[in-house]
Every structure is written in C-alpha cells, then in structure tokens.
Amino acid sequence: MSHNWSFVIAGYSITTVVFVSYAVWIRQKARQLRRSLPDENRD
Amino acid sequence: MKRLFLATTVVALGVTAVFALWVTPPRAEQGFDAVRLLYLHVPTAWIAYLAFGITALASLLWLVPRTRDTAWDLLAGASAEVGVVFTALTLLLGSLWGRPAWGTWWEWDARLTTTAILFFLYLGYLALRRTGATSDERGKRSAIAALIAFADVPVNYLSVTWWQTLHQQGTVFNKNLNVQIDGSMAFTLILAVVAFTLLYGYLVLERFQLAQLEEGREARELELAIAERLRTEHSEVVPA
C-alpha cells in the first residue's frame, strides 16, 4: 500500500462524516420544530 | 418517496466508492493512489457551482415581481447552505490531494484563492440571511447579495485559464488537451457526479423543508406576540 493511501482514506472518511453529520443535523432540527409547532404547520 | 430518494442516493454513493477505491487504477506512472480523490474533489466542486447557480436563479425569480414567492427565497438559502458544505469539502479534499501531488497543503494559487473567496462570500450571504428583518426585507437583500456573490463562480471556473498558476487547467472538457482517460475512470467520474447530484438534491429538499418549518415558527411567534399585545391593551382599557 503506497503512503498516499492515507490521504485517500482521510478524504473519504471526512466526506462521509461531513455529509452524514449535516443530514442528521437537518433531520433532527426539523423533527424538533415539528414537535414544537401546532398541528396545522406540520407536514 | 423521500426514503426512496435517500436509498437511491446512498446506493449510488456506495457504488461510486467501490469503483473509486477498488476498480479504477492509480495514476500509471507512479502508482499514485491519491488520484482517487479525483472522484470526490471534482464532483464536489461542480456541485458547488450548481448549488450557487440554483441560489442565483431562485434569487432572480424572487426579485422579479411576477414570480415573487417566499419559496424562492427559502430555496436560495437552502441551496447556498448546501453549496457552502460542498465548497468546504472541495477546499479540504483539494488540500489533501495537493499535499502528495504538489508537496504543499495550500498555495495562494488563482483557483484555490478564488475558491476560498467563494466560500467566504457565501458564508457572508448565510450570515446576512440570519440578521433580523421581515421576510420581504430578508428576501430582497439576500437575493441581491446572492447575485453579487455568484459573479465569483465564472471567475473561479476560468481562473485556471486566465492566470495559469499551480492548479491544473480543466481537463475533462478541454478539447485542446485531447485527454485519454481510462474507461473505468471516466465511468466512475460520471457516476460520482450523478451520485453527488442526487445527494445535493436530497440535502436541498431536507434543508428547504426545514426552512419552511422555521418560517412557520417565526409566523407563529409573531401571531402569539400580537395576540399577547392585544390582550394586554384590552386589559388596560377595560377596568377590572
């Protein structure tokens, strides 16, 4: 395994973590808001 | 429907990763595996352009009185935020690729600098959206800011041609270079662009719905504040 694989692994890991965290953050915030709003504003 | 969209996106990204990491060859002459970052770096940069393009288009639609709708403003904000995430990753992945390829994490090269400017311009745009104002005021000033910020996109794209510094020129659509790309590499790059476009679509959809909820909460808070004010005024007028 060439030494530059570490950069590849870092790149793929960071990308995965960033997108998963962002998607989870949006969904959690939306869930939180849906709970706090009255029924007529829910999806 | 949204779950199916998410599932398709995850599968497309998973297949892209398999092809990028195990099927495509390293760069032939050096066994240079860092080239595998190409399948992340290039699509994230292209999708960032797409995101800011959608922001500019939605902003324009908001500014035209005939098509004005709060939904355009919310879409512009959602797309810009997702675009900022893609731009941050473009910079980060470029840096990770640049270290083994150029021997440096960062260089004040034309492409890198204009990408950093793009990132900060849209961070500023997002900050502007959060300053207190009515929906109309926010829509107007953010739409104008989005159109100004978008001017950096063509500058960023053409920077490698205009200044020819460290970053390589565009290769995929460059007719002058007559590039011979390995079949599996070209396929994986196209697949990656499709997968990241799906991811962009999914994230914008989720972020747009969240923005609608935030808008609903603000309207609700305003209603409650008005009701409270009226109740207070009424109790002051009518003696107990």
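Helices (H or I, at least four residues) and strands (E, at least two) are DSSP runs, numbered from the N terminus. Read in those terms, chain B follows the pattern α-α-α-α-α-α-α along its sequence, with seven helices and zero strands. Chain A has one helix and zero strands.

This is a predicted model, in which local features need pLDDT of at least 70, side-chain atom pairs count only at pLDDT 80 or more, and totals for chains, interfaces and linings use all residues. Residues are numbered from 1 along each chain as its sequence is written, while chains are lettered from A and ligands numbered from 1 in the order in which they are written.

The overall form of chain B comes next. Its C-alpha atoms fill a box of roughly 90 × 40 × 35 Å, taken along the principal axes. The radius of gyration of chain B is 23 Å, whereas a compact globule of 240 residues would have one near 18 Å; the radius is taken over C-alpha atoms, and the globule rule is 2.2 Å times the number of residues to the power 0.38. A residue is called buried if 20 or more other C-beta atoms lie within 10 Å of its own, exposed if 12 or fewer, and partly exposed in between, with C-beta atoms placed from the backbone. By this count, 36% of the 240 residues of chain B are buried, and 16% of the 43 residues of chain A are buried. Two residues are in contact if their C-beta atoms, placed from the backbone, lie within 7 Å. Among the contacts in chain B with a separation of 6 or more, 79% are between residues 24 or more positions apart.

H3(B) has 33 residues and reaches 46 Å from its first C-alpha to its last, close to the 48 Å expected at 1.5 Å a residue; the expected span is 1.5 Å times one less than the number of residues. Because 24 of its 33 residues are buried, H3(B) is largely enclosed by the rest of the structure. After H3(B) comes Gly103(B), whose phi is positive, near 80 degrees.

Helix H5 of chain B covers residues 135-150. Its 16 residues reach 22 Å from first C-alpha to last, close to the 22 Å expected. The buried residues of H5(B) are Gly139(B), Ser142(B), Ala143(B), Ala145(B), Ala146(B), Ala149(B) and Phe150(B). They pack against helix H2 (38-63), helix H3 (70-102), helix H4 (110-129) and helix H6 (152-162) of chain B. Ser142(B) counts as buried because 25 other C-beta atoms lie within 10 Å. Apart from neighbours within four places in sequence, Ser142(B) is in contact with Asp73(B), Ala76(B), Gly77(B), Tyr125(B), Leu128(B) and Arg129(B).

The two chains also meet. In chain B, 27 residues are in contact with 22 residues of chain A. On the side of chain B that touches chain A, H3 and helix H7 (183-237) each supply at least two residues, and H7(B) gives the largest share, 11 residues. By class, this side of chain B has 16 nonpolar, three polar and eight charged residues. Here Ala, Val, Leu, Ile, Met, Phe, Trp, Tyr, Cys and Pro count as nonpolar, Asp, Glu, Lys and Arg as charged, and the others, Gly among them, as polar.

One part of this meeting is between helix H1 (residues 5-36) of chain A and H3(B), which pack at an angle of about 170 degrees with their axes 10 Å apart. Axes are lines fitted to C-alpha atoms, for helices over the stretch in contact, and angles run from 0 to 180 degrees between N-to-C directions. H1(A) and H3(B) are therefore roughly antiparallel to each other; angles over 145 degrees count as roughly antiparallel, under 35 as roughly parallel, 65 to 115 as roughly perpendicular and the rest as oblique. The contact includes Phe7(A), Ile14(A) and Tyr22(A) of H1(A), and Val85(B), Leu92(B) and Trp97(B) of H3(B). The residues of this contact divide into 12 nonpolar, two polar and one charged.

Two further residues of chain B touch chain A. Glu206(B) lies in helix H7 of chain B and is buried, since 22 other C-beta atoms lie within 10 Å. Not counting residues up to four places away in sequence, Glu206(B) touches Ala23(A), Ile26(A) and Arg27(A). Phe32(B) lies in the loop between helix H1 (2-23) and H2 of chain B. Phe32(B) is partly exposed, with 14 other C-beta atoms within 10 Å, and among the residues it touches, beyond four places in sequence, is Asn4(A).
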